[in-house]
Amino acid sequence: TIDKINKVADDYAVTSQDLVDRLNRSSGAAKLLGLSLEETIGILTVMREATGRTGKEIGNALNSILSFMQRPKALKGFEELGIQVWADEAKTQFRDVMEVFSELAARWPEVEQNVDISNMFAEAAKEAGLYSEVLAETVGIQKEFNDVQAAEAAGLAAGVYRRNYLVALLKYWGKVA
């Protein structure tokens, strides 16, 4: 594992520590969706190079993207786009997430024009009750906000925050391999 991390750090604009930080934040969700270590490192490295952001931020973003991809709102959105996310008719097993990302990346220009991904993520966050410290930090929610204002601000920023990372990943998806 260390050799793989060091090799990527040697070949791309990323440090070994940065990769470890990203993996610490995202490996649980990645493993749950069946991503291999190599696939996860590939995605994280592309996100790093495409966004210029570092370890913790990218790890959190990937973790959030993978988590929200499994939410009912996101699943419905994929279905409406004609992107199959289920491996079986009974809808009990997810299709290989790399295939889902590949299909989404191939169709991204069309999808971006027709679907409000930001809103899809924000709605999924509301559904899941996932307004967390990380989101509050990301959007700079101030203490003087009341609960309703804070939730609205987090919802808006959560969508934009994740969308920017997702767009960067999808635009450079061909580099993941």
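Analyst: A residue counts as buried when its relative accessible area is under 20%. By that criterion, 41% of the 177 residues of the chain are buried. The model is a predicted one.

User: What makes up the secondary structure of the chain?

Analyst: The chain contains 10 helices and zero strands. Along the sequence the pattern reads α-α-α-α-α-α-α-α-α-α. As for contacts with a separation of 6 or more, 62% of them join residues 24 or more positions apart.

User: Which residues make the contact of H2 with H3, and how do they divide by class?

Analyst: From H2 come Asp18, Leu19, Arg22, Leu23, Ser26 and Ala30, and from H3 come Leu37, Thr40, Ile41, Leu44, Thr45 and Arg48. By class, the contact of H2 with H3 has six nonpolar, three polar and three charged residues.

User: Is Asp18 buried or exposed, and what value decides the matter?

Analyst: Asp18, which belongs to helix H2, has a relative accessible area of 9%. The cut-off for buried is under 20%, so Asp18 is buried. Leaving aside neighbours within four places in sequence, Asp18 is in contact with Arg48, Thr54 and Gly55.

User: Why is H1 described as roughly parallel to H3?

Analyst: The axes of helix H1 (residues 2-11) and H3 cross at roughly 25° and come within 11 Å. Angles under 35 degrees count as roughly parallel, so H1 is roughly parallel to H3. H1 passes H3 in a right-handed crossing. Lys4, Ile5 and Val8 of H1 meet Leu37, Glu38, Ile41 and Thr45 of H3. The residues of this contact of H1 with H3 divide into four nonpolar, one polar and two charged.

User: How do you know whether Thr45 is buried or exposed?

Analyst: Thr45, located in helix H3, has a relative accessible area of 5%. That value is under 20%, so Thr45 counts as buried. Not counting residues up to four places away in sequence, Thr45 touches Val8, Tyr12, Val14, Leu19 and Arg22.

User: How many aromatic pairs does a search of the whole structure find, and what makes the pair of Trp86 and Phe94 stacked?

Analyst: The search finds two aromatic pairs. In the pair formed by Trp86 and Phe94, the centres are 4.8 Å apart and the angle between the planes is 15°. The centres thus lie within 6.5 Å, as a pair requires, and the planes are under 30 degrees apart, so the pair is stacked.

User: What describes the pair of Phe101 and Trp173, and which parts does the pair tie together?

Analyst: The ring centres of Phe101 and Trp173 are 5.1 Å apart and the planes stand at 35°. Stacked needs under 30 degrees and edge-to-face needs over 60, so this pair is tilted. Phe101 lies in helix H6 (residues 97-106) and Trp173 in the segment after helix H10 (147-171), so the pair ties together parts that are 72 residues apart in sequence. Phe101 is buried at 0% relative accessible area, and Trp173 counts as buried at 10%.

User: What makes Leu170 count as it does for burial, and which residues is Leu170 in contact with?

Analyst: Leu170 is found in helix H10. Its relative accessibility is 3%, under the 20% cut-off, so Leu170 counts as buried. Beyond its neighbours within four places in sequence, Leu170 is in contact with Phe101, Leu104, Ala105 and Trp108. The C-alpha atoms of Leu170 and Glu103 are separated by 9.7 Å, although these residues are 67 residues apart along the chain.

Methods. Residues numbered from 1 in each chain as written. Predicted model: local features only at pLDDT ≥ 70, side-chain atom pairs only at ≥ 80, totals over all residues. Heavy atoms only, no water. Contact = heavy atoms within 4.5 Å. Helix = DSSP H or I, 4+ residues; strand = E, 2+ residues; numbered from the N terminus. Nonpolar A, V, L, I, M, F, W, Y, C, P; charged D, E, K, R; others polar. Phe/Tyr/Trp six-rings, centres within 6.5 Å; stacked < 30°, edge-to-face > 60°. Buried < 20%, exposed > 50% of the residue type's maximum accessible area, 1.4 Å probe, protein only. Axes fitted to C-alpha atoms, helices over the stretch in contact; angles between N-to-C directions. Parallel < 35°, antiparallel > 145°, perpendicular 65-115°, else oblique. Left-handed = near helix turned anticlockwise from the far one by under 90°.
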